[in-house]
Amino acid sequence: MATPQRIQLESRIGAAVRGEFPIFESATYLNSCSQGALSHRVREAVEGWLAGWDENGAEWDFWVERNETFRSSIAALLHARADDVAVTTSVSQGVSALVSALPLESGRNRIVISEYEFPTVGQIAHAQELRGAEVLHVTPGEDGSIGAERFAEAIDERTALVCCTTLSYRSGHRHDVTAIAELAHEAGALVLADSYQACGAVELDVRSLGADAITGGTVKYLLGTAGLGFMWVRPEVHEALVPTQTGWFADEDIFAMSIADYSPHASARRFDSGTPPVPALYAGVAGLSIVGDAGVPAIETHVRGLVDRMLDGLEELGATVATPRDATRRGPLVCIHSTDVDALVAALAADSIVASSREDKLRVALHLYNVEEDVDRLLDALARHRALLA
Ligand SMILES: Cc1ncc(COP(=O)(O)O)c(C=O)c1O
């Protein structure tokens, strides 16, 4: 017999949680890879922020409290310590701070990036060419995956940083971050895993992932809004890295108010920046609490079942799927080749199905609020629009 706790966990996923997300009253929402659906809980949190502003004016204490609650919620999500988590305004801000601390002049001036990095990571890497970096790209093999052996060809004692996104935003491939990190560490390089497309839907544990820095944000599977991100940095690493891109919230004492020196915080707070994104913090803490109530392992299992169902259906349709079939090499995102993806996204929108595209691929993302009927509705629609599938 199921324990009461088990019943509670199950009730926070799928059909039981949908009522929390009004968009499902009018649409089949399959676009969490772009933005998570808005919940009543997040709306109320943002309204609470506005009400507090009206009633009390500057709510500094609440800002600080939300900032620290967000930091510790991310720590819980990643099985980490709050002191090892930076609160950032975006992945871009955190990664820029991290990269600004790399001593590229030391003979280690190479940055290795996978072809599946989000543009911001590639652009930040290439920006370092202005201070002597060399950027190497690791490309996919014939099957579309980028195995650790391909990274091995690019990594050596000149490598400062290896960027291997946990899950590709444009193909749905999942990197073997642990294996890549092992290779990088043997060569003395650091590893950054941009996990934006994984966090909230895929269990991430800093103790086993192997990366030295793990970053993401709240817009997608964490169910918050724009302007807020995080970066976990391994303690042995952040102690040795001194960012030159910084701000007063990264100082060891923000109330020192000194313009005469730079004293980075001893913890990963040294990768924070300026005034935190307050409204996004209210939304972010609320969104994370929905993910936390469900539990990421349970979300991952739920999503895997939905993706399996979708992949079976796509196979029957004879669709060309870019995302691997192997469940260990994918997550919540399925990418399907199309002959005219803009037309396909528009046709689905006309059927009240919200999906997105990258290059020639339709992107379909599943999350805790999706159910089998969503998958079936999509498959029915794709059967009707079969001519738009490659
Ligand atoms: C993998 C990945 N990284 C980063 C970002 C966004 O980065 P930022 O928070 O700097 O806007 C996205 C957003 O789409 C993403 O999918």
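**Ligand shell.** I looked up which residues surround the ligand in this predicted model, and found Ser90, Val91, Ser92, Phe118, Tyr169, Asp194, Tyr196, Gln197 and Lys220; a residue is near if one of its heavy atoms lies within 4 Å. By class this shell holds four nonpolar, three polar and two charged residues. Nonpolar here covers Ala, Val, Leu, Ile, Met, Phe, Trp, Tyr, Cys and Pro, charged covers Asp, Glu, Lys and Arg, and the others, Gly among them, are polar.

**Ground rules.** Residues are numbered from 1 along each chain as its sequence is written, and side-chain values use heavy atoms, with hydrogens and water left out. Local features need pLDDT of at least 70 and side-chain atom pairs count only at pLDDT 80 or more, while totals for chains, interfaces and linings use all residues.

**Polar contacts.** I then checked pairs of N or O atoms within 3.5 Å. A ligand nitrogen lies 2.6 Å from a polar side-chain atom of Asp194. The side chain of Lys220 places an N or O atom 2.8 Å from a ligand oxygen, and a backbone N or O atom of Val91 is 2.9 Å from an oxygen of the ligand. On its own the ligand exposes 400 Å², and the protein buries 83% of that (Shrake-Rupley, 1.4 Å probe).

Where does the ligand sit? I found the ligand in the largest pocket, with more than half of its atoms within 2 Å of the grid points as the criterion. A pocket is an open set on a 1 Å grid over the protein atoms alone, with protein on both sides within 12 Å along at least five of seven lines; lining residues have an atom within 4 Å of a point. I noted a volume of about 290 Å³ for the largest pocket, the space filled by probe spheres set on the points. Its lining has 23 residues, with Val91, Phe118, Thr120, Tyr196 and Lys220 nearest the centre.

**Cavity.** Finally, I looked for sets of points where a 1.4 Å probe fits but cannot get out. I got one cavity of 30 Å³ or more. The largest cavity has a volume of about 80 Å³, and its lining includes Arg174, Glu300, Arg304 and Arg330.

Key
Polar contact = N/O pair within 3.5 Å; in protein donor to acceptor, adjacent residues only side chain to side chain.
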